[in-house]
Amino acid sequence: MKEYVINDTTGRLDKIISELDPSISRSRAKNLIDDGHILVNGTVEKPKYKVKQNDRISIEDAKPQPIDLVPENIPLDIVYEDDDVIVVNKPQGMVVHPSPGHPDHTLVNALLYHSPLSTINGEYRPGIVHRIDKDTSGLLMVAKNDAAHKYLSQQLKEQKSLRKYVALVHGRIGEDSGVVNAPIGRSPKDRKKQAIVSDGRHAVTHFEVLERFSDYTLISCRLETGRTHQIRVHMKYIGHPIVGDPLYGPRKTIKGNGQFLHAQELGFEHPKTHELMIFSAPLPPIFEKTLNNLRLNNALGS
């Protein structure tokens, strides 16, 4: 941990960090700030925060831990593949790409063993166009070359891709459908969490009720935007946290392999043929088993 008290220099936080510690580039400083490793007066701020005199800046884990990214022979559930794109059904418990806390056994390690990948997204995230959380299951599109990566990324940016999830949430939702439009950013109280914050990034989730149980609701969610933990944060915000969510849900919940959230449907325009492609993946067995138990309880209670 390094600590600095600002005496005479002011400006953007990311720029000041790179001046205080020349070993940290401005882009690296931004990443550290976004990941909650840099605090100003004990609080997480944004890279554009204007540093003032007497501010106390703390830098934690400023030196990146080296990661040896190697291909690993890990089985993959590949839904579709051609020369440009791979669509893979990721299981719960698998991290998408290496990080200091998860240096190996990730989806990227498995993909590298299987195929060449695009290089656009950096050394540790080759091929990864978008991510889903470790304990969320379901479909991801992966780019095998840079041209495909650019094309798919642009579709995400322009909100042209289809990403639909199935989630089991706490409580009975009265409305048949709805839209959650609330900005998401780093939680000022817990750097591991995202939260609804006034200066957060624009985030919109559309949901539709599929089935109701006595204390739970099965819903379909369509992402209009793709923020970190978006569905998990939005559902908690409206009072219906996802069942099994260890970060945003209640302690009393249904035990599973993490949150009951599954990326069931994925659609995009193929980067070379421009054909509209839509894929779906079945719910994991533990998800299906839980739903069947809830249906049985509903029948017994009726």
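1. A search through the whole of this structure, which is a predicted model, finds three aromatic pairs. One of them joins F260 and F287, whose ring centres are 5.3 Å apart and whose planes stand at 90°, so the pair is edge-to-face; the cut-off for that class is an angle over 60 degrees.

2. The positions of these two residues deserve a remark, because F260 belongs to the loop between α5 (230–237) and β16 whereas F287 belongs to helix α6 (residues 285–301), and the pair therefore ties together parts that are 27 residues apart in sequence. Both F260 and F287 are buried.

3. A further aromatic pair is formed by F268 and F279, and this one is tilted, with 5.9 Å from centre to centre and 35° between the planes. Since F268 lies in strand β16 and F279 in strand β17 (residues 276–280), the pair ties together parts that are 11 residues apart in sequence. F268 and F279 are buried, and together with Y80 they form one aromatic cluster.

4. Turning to helix α4 (residues 146–157), the length can be checked against expectation: at 1.5 Å a residue, its 12 residues should span 16 Å, and the C-alpha atoms at its ends are 16 Å apart, which agrees.

5. Which residues of α4 are buried? They are A148, H149, L152, Q155 and L156, and when the helix is seen down its axis the buried residues of α4 fall within an arc of 130°, so they line one face of the helix. On the other side of α4, the residues A147, K150 and K157 are exposed.

6. As to what covers the buried residues of α4, the list includes the strands β8 (85–90), β9 (137–143), β10 (162–170) and β16 (261–269).

7. On the overall layout, the protein is divided into domain 1 (2–59) and domain 2 (78–301). Taken over C-alpha atoms, the centres of domain 1 and domain 2 are separated by 32 Å.

Terms used. Residues numbered from 1 in each chain as written. Predicted model: local features only at pLDDT ≥ 70, side-chain atom pairs only at ≥ 80, totals over all residues. Heavy atoms only, no water. Helix = DSSP H or I, 4+ residues; strand = E, 2+ residues; numbered from the N terminus. Expected span 1.5 Å × (residues − 1). Buried < 20%, exposed > 50% of the residue type's maximum accessible area, 1.4 Å probe, protein only. Arc of directions from axis to C-beta. Contact = heavy atoms within 4.5 Å. Phe/Tyr/Trp six-rings, centres within 6.5 Å; stacked < 30°, edge-to-face > 60°. Domains from an automatic or database assignment.
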